[in-house]
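Have the picture open as you read.

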Amino acid sequence: MKDEYKPLDRWRQTWPGEGFQDFTGFDGEQSFGRIQLDQTSHNKTGLWKWNAHIPWVRDHIVPHSGWEATSREACRRVEEYYAKLRALHGR
């Protein structure tokens, strides 16, 4: 069994107190992505949807969203995407 990914950035519940499996990633005060347990998509129920949303992005890299089996792997995908965008945009 491979080691479980340990997120590099800070993740917090998107809707605190609402009970949703939904988290937003932060680099300081900048939010950069979100993961959420998919409970509605056909053939994706139980997977973790990830997507990136960064306001200063001029050039996008694809894919910028997808599904992973675990929340940790979804975090990894968002954090890797964010790192690539920072490098692309010189940040």
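Among contacts in the chain between residues at least 6 apart in sequence, 38% join residues at least 24 apart. The model you see is predicted.

Q: Why is I54 called buried?
A: Buried means under 20% relative accessible area. I54 has a relative accessible area of 10%, so I54 is buried.

Q: How do you know that I54 is in contact with residues beyond its neighbours within four places in sequence?
A: Contact means heavy atoms within 4.5 Å. Leaving those neighbours aside, I54 is in contact with Q30, F32, Y81, Y82 and L85.

Q: How do you know that the radius of gyration agrees with a compact globule?
A: With 91 residues, a compact globule would have a radius of gyration near 12 Å. The chain has 13 Å, which agrees. Its C-alpha trace spans about 35 × 30 × 30 Å along the principal axes.

Q: What makes up the order of elements from the N terminus on?
A: The chain has one helix and five strands, and they run β-β-β-β-β-α.

Q: How many of the 91 residues count as buried?
A: With buried meaning under 20% relative accessible area, 30% of the 91 residues count as buried. The chain exposes about 6100 Å², and carbon and sulfur atoms supply 50% of it.

Definitions and conventions: Residues are numbered from 1 along each chain as its sequence is written. This is a predicted model: local features need pLDDT of at least 70, side-chain atom pairs count only at pLDDT 80 or more; totals for chains, interfaces and linings use all residues. Side-chain values use heavy atoms; hydrogens and water are left out. Helices (H or I, at least four residues) and strands (E, at least two) are DSSP runs, numbered from the N terminus. The radius of gyration is taken over C-alpha atoms; the globule rule is 2.2 Å times the number of residues to the power 0.38. Buried means under 20% relative accessible area, exposed over 50%, partly exposed in between (1.4 Å probe, protein chains only). Accessible areas come from the Shrake-Rupley method with a 1.4 Å probe; for residues, only the protein chains shown count as cover.
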